[in-house]
Amino acid sequence: MHATGGAPKVYFHSTTQQVSTLAGGVRATLYADEGARLEVLKQTSPSAAKMLPNDRIYFSSQIEGPLTLVMNGDGELPLVLTNQTFHSTGSLVASKGTLELAKGASWKNGTDFTASGTGTLKFAAKGQVDRRIARLHLEDEGVIFIPKGVTLHFASADVNGVPVETGVYTGKATPDATSADIADRIVGGGTLKVGKFGLTLVVE
C-alpha cells in the first residue's frame, strides 16, 4: 500500500487488513476504528516507494485512532516509521522482520509494544515512547533494539508473560550485562529502564 501524492486519506474499520508493503508520504493520513489491525507481510522494495539510506522503505504518513500496526514479513527491508509524532493510540507489533521507529519519530499515545516470534522492535533515541504508560512485551524469540548510548524507559515489561522487576537492564553483549532473562532480549548496546523511578517523600 502506498499513501502518496496530494493528501490521501485511508480508513480502516474494525477488521484485519494485510498488505505486502507499506509506504507513505507526510501528507497522507490513516484513520482507524477500534479493533483495526494492519499487517505488513513482505516489505520488499517497490519502485514507487521512497527510500532512506541503506534501502529502507519509510512510512511517514500520520496515523489517527487505535490502529494496531504489525510487521509480520520476512522481507529484507524493515518497516521504518519516521519524521513525526504519530497520533495513534494503537499498538506496535513485530512478529517477523523489523519494525523501526527512526530518529525524530515517536509513538507516545500507544501503550503496548510487542516483539514476538522472530521479530525486532527497533528504536533510535530516548523519549520515543511515553514512559508513564508504555508496556513492553517480549515473547518467543522477539528482541528490542536500543542503540549504544541510548536509554529507553517503559512503565512495565514482561518476558513471555512473566513481569520484569523495576530496574535498569542491558543486553548480554554489553560489559555490564545483567543476569536477568531480559538481557537476552536487548540488542544494540543500549539500556532499558523498567518501572517508576524517583524520590519518595514521607511526612509524618
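**Figure 1. Surroundings of L81 in the predicted model.** Leaving aside neighbours within four places in sequence, L81 is in contact with F59, L69, F86, L92, L99, E100, L101, A102, A105 and W107. The model shown here is predicted. L81 belongs to the largest nonpolar core, a set of 43 residues. Within that core, L81, F113 and F154 touch the most other members.

**Figure 2. The whole protein.** The protein has 204 residues, and 50% of them count as buried. It contains 23 strands and 0 helices. Take the contacts between residues at least 6 apart in sequence: 43% of these join residues at least 24 apart.

**Figure 3. Strand β19 and its partner β16.** Strand β16 covers residues 135-138, and strand β19 covers residues 156-159. The two run parallel. They are joined by 4 bridges. Across this pairing, L136 stands opposite A157 of β19.

Figure 4. Strand β20 spans residues 162-163 and pairs with β19 in the antiparallel sense. This pairing has 2 bridges. D158 stands opposite P163, a residue of β20. Between the strands of the hairpin lie 2 residues. In this hairpin N160 takes a positive phi, near 50 degrees.

**Figure 5. The loop at G65.** G65 is found between β9 (62-64) and β10 (68-72), in the loop that separates these strands. Leaving out residues up to four places away in sequence, G65 touches A32, S88, T89 and G90. One of these contacts, T89, is 24 residues from G65 in sequence. In space, the C-alpha atoms of G65 and T89 are 5.7 Å apart.

**Figure 6. The salt bridge of R135 and D112.** Side chains of opposite charge can pair when their charged atoms come close. R135 forms a salt bridge with D112, and their closest N and O atoms are 2.8 Å apart. The pair links distant parts of the chain: R135 lies in strand β16 and D112 in strand β14 (residues 112-115), 23 residues apart. R135 counts as partly exposed because its relative accessibility is 35%. D112 has a relative accessibility of 17%, so it counts as buried.

**Figure 7. The salt bridge of R37 and E39.** The structure holds 4 salt bridges. One of them is formed by R37 and E39. The closest N and O atoms of this pair are 3.0 Å apart. R37 is at 29% relative accessibility and therefore counts as partly exposed. E39 counts as buried because its relative accessibility is 10%.

**Figure 8. The salt bridge of R132 and D130.** The side chains of R132 and D130 meet in a salt bridge, with 2.8 Å from N to O. R132 counts as exposed, because its relative accessibility is 66%. D130 has a relative accessible area of 13%, so this residue is buried. The cut-offs are under 20% for buried and over 50% for exposed.

Note on methods:
Residues numbered from 1 in each chain as written. Predicted model: local features only at pLDDT ≥ 70, side-chain atom pairs only at ≥ 80, totals over all residues. Heavy atoms only, no water. Pairing = 2+ DSSP bridges. Buried < 20%, exposed > 50% of the residue type's maximum accessible area, 1.4 Å probe, protein only. Contact = heavy atoms within 4.5 Å. Core = buried A, V, L, I, M, F, W, Y, C linked by side-chain atoms within 4.5 Å.
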